[in-house]
Amino acid sequence: MPALVNFGGDDDFYSGSSFYTNSTDLGRLCSISSQVDVYYTPRKRARVSAPFIFGETVFEQNKQPSIDVLPDECLFEIFKRLPSGRERSSCACVSKHWLMLMISIRKGEYESSKAVKENTDSVSDDAEMISSDEDEGYLTRCLEGKKATDMRLAAVAVGTSGHGGLGKLSIRGSSSSSGVTNFGLSAIARGCPSLKTLSLWNVPRVGDEGLSEIAKECHLLEKLDLFQCPSVSNKGLISIAENCPNLTSLSIESCPKIGNEGLQAIGKVCPKLQSISIKDCPLVGDHGVSSLLSSTSAVLSKVKFQGLNITDFSLAVIGHYGKSVTNLMLSGLQNVTEKGFWVMGNAQGLQKMVSLTITSCRGVTDLSLEAMGKGCANLKQMCLRRCCFISDDGLVAFAKSAGSLECLQLEECNRVTQSGIIGVLSDCLLKSLTIVKCMGIKDVSLEAPLSSCDSLKSLSVRNCPGFGTASLTMVGKLCPQLQHVDLSGLCGITDAGFLPLLESCEAGLVKVNLSGCLNLTDVVVLALTRLHGGTLEFLNLDGCRRITDASLVAIADNCVFLRDLDVSRSAITDSGVAALSYAEQLNLQVLSFSGCSGVSNKSLPFLKKLGKTLLGLNLQHCNSINSQTIELLVETLWKCDILF
């Protein structure tokens, strides 16, 4: 009896055969219990591991009765009748087996809210409300690297259905051994019919089968990105075309099995397609591009072709059928000649084009560039990268013919010289000019009279070693209305060249980037703050090693609207930081002292004071600041993002 008395009913179990060794006594007890009503206090049911012996029959009691004994068909029918996504999510969390059963049920196979209402009137309103929310599709999920697996996709498919429905899904860089497969994508297709955006990056195990499942179930799909999907072919893309009529954006990159067939299908049955981007797909040629463009000419507005085996024929089609194209990017088209670009311009079909970017295309010459300028009457933005056959004559002719041009960007166009730049500024109403790594520009003084370009507001000259003091002086005379100036990486400019530019800017400079200008001193900063302190909002002096505390004192005294200041790798010390903190009118939001060895722990109280308005503080490579000071700053400036 001690074992019976001490049994607590929770974690204590009696191990043995029976309290009664004689079967006759046990039979008497059973006969009494059938005639007498006995009250027992509520308690957990004891679990006995040994068999009970009743006469000659042996009954083995189950240790843990489980619903898993039900066949999958029964569980399937039960799950189909769950009233909302929340209950489905709870069931999916029970076990992997239940999760697999849940994702095998298509969204349309669940009982409707009306059926729920007939059985349970008290929950009908909630069921209808949940059902309507599930179809919205406003949730976003992104799986990257090791987290991109089939099981996680299955969990996403079930879990999002009760919280608004999945609208955007991005899968990036899954492992080739345990990454996403067609099974995971099929789970998303069955559970997330509200999906509108799908991005697949580097998923080698996803092929046509998975993409076809998406096409069959997700008819609301509007945007599809396929990057480095070697198993996806024309078959998968055709399935998307046939089942997703709302597709508006398609991006394909490094998919070696996708070719002309898939693009032809997209062009024929996707009437709403507005954006197309195809990069490094060797099977895509003239037939696919021409069919796509000719079929979607009424709505297609953004086009990007890079690294394709297309010829002059495709560019002629672009020029003729691109009546709705506003943004065009062409890169690495090695088989397109001067004739192709010339025909594209003269076809007069690109009247709505606003932005044109051409990179590494040998067919862009002076002649074809001028033709594009004449054929694109509304062109406002032009970017030319690594176009080695463009010279000053072609650039000036283009600027004259493109009457609406506002922004011009030249990168690594080494035949363009200072004369061409001045010609463009004199003949065009540019608002923004960007010159990057143009080695043909030499620092030469021109004595000819120059007409000013009052329209230019932004000038960016980066990493052009030939752009020096003389060039800067001429720009200052030409462009008196500059507000944004970026001269990063120009080691050749000095105080003498930059001061005339500061003095000629009448509108007041707002953003100034002088990072990497090694020869500039405090003289420039003092003049800048004195002349433009009332308008300056952004100042970058990163790498200007001759800038000292005197510059920070001038900034503190004169700058009223400065929000972003970078004095990394300069000669400033704690005294300069103190001067900034004493400026009551200064409300800095971003401040960088990276690599300033003169800033030490003594700046702690000053940084705390500045931190009242700071959102970002960069103290990386400040070797004179120890970890304890950093910890105090992190604790005090909890609203500020501190890099250390």
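1. In the predicted model under review, K168 stands opposite T197 of strand β5. Strand β4 (residues 166-172) pairs with β5 in the parallel sense over five bridges; two strands pair if DSSP finds at least two bridges between them. Strands (E, at least two residues) and helices (H or I, at least four) are DSSP runs, numbered from the N terminus.

2. The model is predicted, with local features requiring pLDDT of at least 70 and side-chain atom pairs counting only at pLDDT 80 or more, while totals for chains, interfaces and linings use all residues. Residues are numbered from 1 along each chain as its sequence is written, and side-chain values use heavy atoms, with hydrogens and water left out.

3. Strand β5 (residues 197-201) is mostly covered, as four of its five residues are buried. Buried means under 20% relative accessible area, exposed over 50%, and partly exposed in between (1.4 Å probe, protein chains only). Five bridges also join β5 to strand β6 (residues 223-227), and these two strands run parallel. Here L198 stands opposite L224 of β6.

4. Helices α10 (residues 208-217) and α11 (residues 234-243) pack at an angle of about 0°, with their axes 8 Å apart. Axes are lines fitted to C-alpha atoms, for helices over the stretch in contact, and angles run from 0 to 180 degrees between N-to-C directions. The angle makes α10 roughly parallel to α11, a term for angles under 35 degrees. From α10, the contact (heavy atoms within 4.5 Å) is made by D208, L211, S212, I214, A215 and K216, and from α11 by K235, G236, L237, S239, I240 and N243. By class, this contact has five nonpolar, four polar and three charged residues; Ala, Val, Leu, Ile, Met, Phe, Trp, Tyr, Cys and Pro count as nonpolar, Asp, Glu, Lys and Arg as charged, and the others, Gly among them, as polar.

5. Helix α12 (residues 260-269) has N260, G262, L263, A265, I266 and G267 buried. The buried residues of α12 pack against α11, β7 (249-253), β8 (275-279) and α13 (286-295).

6. How many disulfides are there? The count comes to zero, where a disulfide is a pair of cysteine sulfur atoms within 2.5 Å. For C255, the closest cysteine sulfur is that of C229, and at 4.8 Å this is too far for a bond. C255 counts as buried because its relative accessibility is 0%. C388 is likewise in no disulfide, the nearest cysteine sulfur, in C387, being 7.7 Å away. With a relative accessible area of 41%, C388 is partly exposed.

Definitions and conventions: Angles under 35 degrees count as roughly parallel, over 145 as roughly antiparallel, 65 to 115 as roughly perpendicular and the rest as oblique.
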